[in-house]
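Work through the exercises below with the sequence and the coordinates at hand. Each task is followed by a worked solution.

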Amino acid sequence: MTDQTESAERASAPPRPDASAHDSGIDTVQRLAMNRTGSFDWDLETRTMNVDDAGLMVFGVDPATFDASRPGTLVDLLEPAERERLNLSVDEAVTSGANSYSVHFQVPLPGGEVQWTHAQARILRLPDGRAHRIVGVVRDATAEVTHSDFVLELEKRRQRQTSIVERTTSAMSRAASVDDVTAALSGPGGTARLGSDGVTLGLVKNESLNVVAVSGQTLEAFDGLGSGDLRRKLPLVDTILSGRPRFITSPDDLVRRYPVLESHVDLLGFSSAAYLPLVAQSRSLGGLAMFYGRPMSFNADERILCLGLAAILAQSLQRAMLFDEEREFATGLQAAMLPRRIQSVEGGEIAVRYHAARTGRQVGGDWYDMIALPNGRYGLVVGDVQGHDTHAAAIMGQLRIALRAYAAEGHPPATVLARASRFLAELDTDRFATCTYAQVDLGSGALRVARAGHFEPLIRHADGRVRSPQVRGGLPLGISTYFEYEEFPETRLDLVPGETLVLFSDGLVEEPGADIDTGLAALAQEVRTGPPGAEALADHLSERLWERWGSGDDVALLVLRRSPGVGSTLAPRLHQYIHQADPEGLSDARSIVRQALTDWDMEEFADDAELVTGELLVNVLLHTEGGAVLTMEVLPEPVRRIRLSVQDRSSVWPRRRSPGETSTSGRGLLLLDAVALRWGIEPRGEGKAVWCDIGPSEPPAAGPEGQEAEGDARV
């Protein structure tokens with residue numbers, strides 16, 4: 001041995017021997033009996049080592065040939081890696097001040113065998129701490145190391161089997177439906193979870209085999225060997241019908257049992273397979289096949305593991321099948337309570353969507369409805385009953401019918417919601433409901449909206465802008481009656497040709513772990529970029545949002561689009577409602593007008609348009625009892641100019657006056673006359689609209705008399 005050494009602590013845990021040392025054919029007790037032990041005395045000052053005959057036999061050295069003055073000859077017998085490890089171990093013990101060391105190392109014997117050897121020694125030191133002598137023993141430790149490695153390998157195998165069971169149990173515990181079970185098997189990590197290289201899951205349905213999950217290279221991937229009749233002589237069918245597992249240890253074994261597979265086996269890369277029946281409560285659900293690329297003997301432990309995995313999977317499948325049956329019943333119940341179809345509307349197009357949550361077995365109380373009203377109007381409803389169970393669905397059905405009845409009687413939105421709230425409170429339930437109800441006249445575009453704790457609607461304008469109008473709301477239905485506050489203020493909006501109204505429930509905008517504003521912003525963006533048609537937009541929102549949030553909640557969605565007017569698809573258009581009680585509405589409207597003209601490359605007319613907008617809106621907000629609807633569009637060629645219109649619900653027309661020098665009002669029409677190319681007043685439904693044209697001068701009118709176009713009469 002040399003002066004180079006290694007720490008005894010690190011060397012006390014030797015590398016495990018190669019697999020050939022695991023089973024040498026000699027019983028552990030016999031090996032222990034054959035152990036040889038010798039001693040050595042190493043003088044570090046004279047660099048000599050005395051080793052007794054037993055110690056030399058441990059190294060396989062003839063005592064007659066050993067020279068005590070050359071102790072390095074023993075170390076030279078070792079492989080270089082083992083020699084370096086031994087030298088470092090001893091050297092570190094000597095230089096670190098330790099009093100002893102213990103190290104395992106491999107010694108090649110003359111017969112070609114490799115022997116594990118254990119050296120344990122005490123380091124004798126001088127008063128100054130210098131090591132001057134090492135006395136110790138060496139012995140054959142092959143038996144104990146091999147036995148230790150066998151125990152470690154056995155423990156490793158058991159840990160692996162435990163890990164497989166734990167991973168499979170964890171995955172199956174999260175699987176609610178049959179689709180979840182199949183996804184856990186055939187999805188990423190499915191085969192690794194089971195400890196196999198390929199997996200096939202087949203379920204019995206209507207006296208036939210239906211392969212629902214395949215992962216990796218399996219026999220069932222070939223045509224004719226998967227789904228089909230249960231009378232075929234195939235291994236998966238055989239194990240299902242017999243109820244007994246089939247353990248295949250080699251491809252030859254498989255062909256010997258099932259000759260029909262001879263032409264397919266050579267195309268696969270597996271060496272062994274386990275076919276397991278899936279039985280729960282004496283009912284055969286199907287079969288599981290696991291394929292292995294390595295040879296498997298399927299000893300007792302391996303068979304127990306396979307059967308245990310099959311039992312876990314069978315129990316999960318039984319639970320999943322029951323879940324699917326219950327869910328199908330619940331969703332069918334809710335679907336029966338929703339309108340079977342939505343009638344087409346004159347002057348527009350409507351689309352509705354309902355999506356049941358994909359997680360959990362319970363259903364929600366979301367609903368939509370469209371109600372035909374007198375005089376060509378329609379009632380639009382989207383609501384949500386509290387809770388996610390069949391009781392919520394039952395309450396939803398009753399509330400939908402009641403609200404439909406109140407609306408059909410011709411009541412305004414505020415009255416409809418107040419009566420619906422009273423009806424819900426009288427049901428003697430602890431549930432409440434949120435709801436948005438709107439009445440729309442597609443002929444005039446008039447829209448009256450009331451909310452009961454629900455989201456505000458979205459409106460997409462003809463030019464692509466999306467806004468959420470300020471729709472005042474009341475408390476949720478049921479709660480408002482409980483607190484004796486059945487106030488549901490109405491908000492008047494206008495839906496111009498080409499605009500789209502979107503009503504929705506919370507499942508479309510609630511992203512788990514995120515603020516609700518994130519979902520609302522995402523919805524506005526998708527409405528803005530979605531296709532124009534109602535049906536196409538409804539599909540777009542469902543795919544981009546309901547799927548995006550994980551489908552964890554029910555969704556009710558209603559999309560109504562008013563048919564575009566002539567030319568409205570070609571010319572830019574702005575439409576804005578200004579509420580009388582909104583102090584910032586006037587300022588916002590002027591800013592919107594300027595920004596729109598900038599976007600339309602008509603910024604040179606922004607000052608005039610902003611001035612006229614302010615005058616007309618102030619006149620409405622001061623002298624009428626309601627809000628105003630501002631509309632601005634670019635009229636088509638040959639003269640590209642702006643038409644600006646302000647509509648209100650007053651039947652009183654403005655009068656031209658001659659204000660004095662000190663008067664503070666009365667100049668609005670004079671200003672309009674000075675700025676606009678032309679202007680006029682028109683009756684509009686319940687009220688009137690004051691309009692004007694702003695832009696470059698017109699070319700001479702065609703025709704002998706050069707008369708103005710019809711409808712341009714000035715007041």
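**Exercise 1.** Decide whether Phe270 is buried or exposed.

Solution. Buried means under 20% relative accessible area, exposed over 50%, partly exposed in between, with a 1.4 Å probe and protein chains only. Phe270 has 8% relative accessibility, so Phe270 counts as buried. Phe291, at 1% relative accessibility, therefore also counts as buried.

The model is predicted: local features need pLDDT of at least 70, side-chain atom pairs count only at pLDDT 80 or more, and totals for chains, interfaces and linings use all residues. Residues are numbered from 1 along each chain as its sequence is written, and side-chain values use heavy atoms, without hydrogens and water.

**Exercise 2.** Classify the aromatic pair of Phe270 and Phe291, and state which parts the pair ties together.

Solution. Step 1: rings of Phe, Tyr and Trp (its six-membered ring) pair if their centres lie within 6.5 Å; planes under 30 degrees apart count as stacked, over 60 as edge-to-face and the rest as tilted. Step 2: a search of the whole structure finds seven aromatic pairs. Step 3: for Phe270 and Phe291 the centres are 4.8 Å apart with 55° between the planes, a tilted pair. Step 4: Phe270 lies in the loop between helix 11 (262–265) and strand 10, and Phe291 in strand 11, so the pair ties together parts that are 21 residues apart in sequence. Helices (H or I, at least four residues) and strands (E, at least two) are DSSP runs, numbered from the N terminus.

Tyr482 and Phe483 form an edge-to-face pair, 5.1 Å centre to centre and 90° between the planes; both residues are exposed. Phe247, Tyr292 and Phe298 are linked by ring pairs into a cluster.

**Exercise 3.** Give the strand order of the open sheet of six strands and find its edge strands.

Solution. Step 1: two strands pair if DSSP finds at least two bridges between them. Step 2: the order is 8-7-6-11-10-9, with antiparallel pairing. Step 3: strand 8 (228–229) and strand 9 (246–248) each pair on one side only, which makes them the edge strands. Step 4: strand 9 is joined to strand 10 (residues 272–280) by three bridges; Ile248 has Ala273 as its bridge partner in strand 10.

**Exercise 4.** Which residues touch the most other members of the largest nonpolar core?

Solution. Step 1: a nonpolar core is a set of buried Ala, Val, Leu, Ile, Met, Phe, Trp, Tyr and Cys residues joined through side-chain atoms within 4.5 Å. Step 2: of the 50 residues in this core, they are Leu380, Leu403, Leu417, Leu477 and Leu560. Step 3: helix 13 (residues 390–408) gives the most, with eight residues.
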